[in-house]
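Me: I'm new to this one and would like to learn how to read it. Could you take me through it piece by piece?

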Amino acid sequence: MDDLARVEHLTDLADLLRPSAVRAAATLGVADHIAAGTHDTPSLARLCGARPDVLDALLRYLVSLGLLDRDGDGRYALREAARPLLDDHPFTLREALRLDGVAGRSDMALVDLVHTVRTGEPAHVGLFGRGYWDSLNEDPRHVEAIERAASGQLAFDAEIIFDGYDWASVRSVADIGGNSGTILTGLLNRHPHLHGTLVDLRSVAGVAARNIADSGLADRCEVAPGSFFDPLPAGRDVYLLSAILGDWDDDQAVAILRRCAEAAGSTGRILLADVNLDVVMRGEEAARTELWLRAMMPTPVRTVADLKRLGDAAGLRVSWEGPATPVRSLIEFSAREAAA
Ligand SMILES: C[S@@+](CC[C@H](N)C(=O)[O-])C[C@H]1O[C@@H](n2cnc3c(N)ncnc32)[C@H](O)[C@@H]1O
């Protein structure tokens with residue numbers, strides 16, 4: 001490789017325009033409009049709410065990327081390679097890539113990856129001055145994005161929560177940071193004697209309330225909008241924390257556990273169903289995955305011993321330890337003084 005080729009190679013590696021253009025197309029819904037029969041730039045610009053001249057530049061660039069065809073009259077058609085951008089594609093990438101979506105918004109922070117490398121903090125904090133969940137929740141315009149994401153909420157290995165714990169001895173469960181309710185509604189459907197409370201930040205809680213009502217569970221499940229850094233609804237038998245602590249550093253994780261401990265009192269329990277992403281950091285793509293995860297969350301990997309240490313720091317003792325899959329572990333904590 002000569003010097004010029006090396007410069008070209010590095011310039012290509014550092015290119016930001018290509019991913020931005022593909023994500024702009026996903027955000028505007030270009031592929032869906034073309035697939036629905038609109039092929040000329042002025043009409044596409046009207047449908048996308050875009051400037052025709054700039055949109056045409058974007059479309060021509062997508063032609064050069066092999067995603068669109070352009071005929072002699074300047075009309076555009078989709079190439080096979082662009083089909084995963086369609087909303088109804090079986091493996092659609094549209095929601096994941098659109099910049100006004102929950103995932104696309106968090107990906108944007110990758111441009112400030114250097115913040116994470118310097119400080120260990122998620123890149124979002126460096127770029128926007130606050131954490132991802134707070135910024136998502138503070139702006140009511142993001143409710144639509146949260147609603148769309150809710151339909152695809154990952155209930156990562158949730159079976160272990162549904163079936164790996166003695167729910168028969170429990171009457172009430174609070175799902176802390178319960179998101180749009182996928183896990184809590186699944187749990188309540190499986191165990192019809194349970195009553196639920198879902199706690200999450202305001203916008204997410206609103207989406208959860210609708211999902212719970214749509215599942216016909218409103219009479220057995222309430223939603224309490226609020227932060228898990230503030231006092232939580234007291235007196236539930238079990239406080240479930242599923243896939244929560246990885247988003248926080250040790251001090252914050254202990255603060256969340258303390259709020260749960262406070263609300264659980266001397267008789268309640270805290271069920272930690274933590275996700276350990278160590279397993280996805282292995283393999284050929286390990287470095288890439290680790291870098292991405294670290295840019296998104298401060299602590300993607302904690303061992304069971306780490307989690308027990310956090311519980312101990314929050315004044316809790318391990319009262320039961322359940323099955324662990326490679327990605328999930330179940331640990332029940334109770335108040336330490338209840339041990340006596
Ligand atoms: C990674 S998701 C886990 C969702 C769900 N528990 C699960 O297992 O799929 C983290 C959740 O924590 C919520 N969250 C973030 N900050 C919060 C806060 N300060 N108080 C309450 N919930 C919060 C987010 O809105 C999101 O629903």
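Me: Let's start with the chain. In which loop is the place of alanine 243?

Reply: Keep in mind that this is a predicted model. Alanine 243 sits in the loop that runs between β6 (238-242) and α15. Take a look at its backbone too: phi is positive there, about 55 degrees, although alanine 243 is not a glycine.

Me: Which loop holds asparagine 179?

Reply: For asparagine 179, go to the loop between β3 (172-176) and α13 (182-190). This residue is not a glycine either, yet asparagine 179 has a positive phi of about 55 degrees.

Me: Now the ligand. How many residues surround the ligand, and which are the closest?

Reply: Count 18 residues around the ligand. The closest are Gly177, Asn179, Asp200, Phe228 and Ser242.

Me: How does the shell around the ligand divide into nonpolar, polar and charged residues?

Reply: Sort the shell by residue type and you get ten nonpolar residues, six polar ones and two charged ones.

Me: And what lies 2.7 Å from an oxygen atom of the ligand?

Reply: To read a polar contact, look for a pair of N or O atoms within 3.5 Å. Here, a polar atom in the side chain of asparagine 179 is 2.7 Å from a ligand oxygen. Serine 242 has a side-chain N or O atom 2.5 Å from an oxygen atom of the ligand. As for cover, the ligand on its own has 600 Å² of accessible area, and the protein covers 92% of that.

Me: What about helices? At what angle do helix α15 and helix α17 pack?

Reply: The general idea is that a packed pair is described by two things, the angle between the axes and the distance between them. Helix α15 (residues 250-264) packs against helix α17 (residues 304-313) at about 60 degrees, and their axes are 8 Å apart. Angles from 65 to 115 degrees would count as roughly perpendicular, so α15 and α17 are oblique to each other. The crossing of α15 with α17 is right-handed.

Me: Let me try another pair. Within what distance do the axes of helix α11 and helix α14 come?

Reply: Helix α11 (residues 143-150) and helix α14 (residues 202-214) have axes that come within 9 Å, crossing at roughly 45 degrees. That makes α11 and α14 oblique to each other, and their crossing is right-handed.

Conventions: Residues are numbered from 1 along each chain as its sequence is written. This is a predicted model: local features need pLDDT of at least 70, side-chain atom pairs count only at pLDDT 80 or more; totals for chains, interfaces and linings use all residues. Side-chain values use heavy atoms; hydrogens and water are left out. A residue is near a molecule or strand if one of its heavy atoms lies within 4 Å of it. A polar contact is a pair of N or O atoms within 3.5 Å; within protein, one must be able to donate a hydrogen and the other to accept it, and residues adjacent in sequence count only if both atoms are side-chain atoms. Accessible areas come from the Shrake-Rupley method with a 1.4 Å probe; for residues, only the protein chains shown count as cover. Ala, Val, Leu, Ile, Met, Phe, Trp, Tyr, Cys and Pro count as nonpolar, Asp, Glu, Lys and Arg as charged, and the others, Gly among them, as polar. Axes are lines fitted to C-alpha atoms, for helices over the stretch in contact, and angles run from 0 to 180 degrees between N-to-C directions. Helices (H or I, at least four residues) and strands (E, at least two) are DSSP runs, numbered from the N terminus. Angles under 35 degrees count as roughly parallel, over 145 as roughly antiparallel, 65 to 115 as roughly perpendicular and the rest as oblique. A crossing is left-handed if the near helix is turned anticlockwise from the far one by less than a right angle, and right-handed if clockwise.
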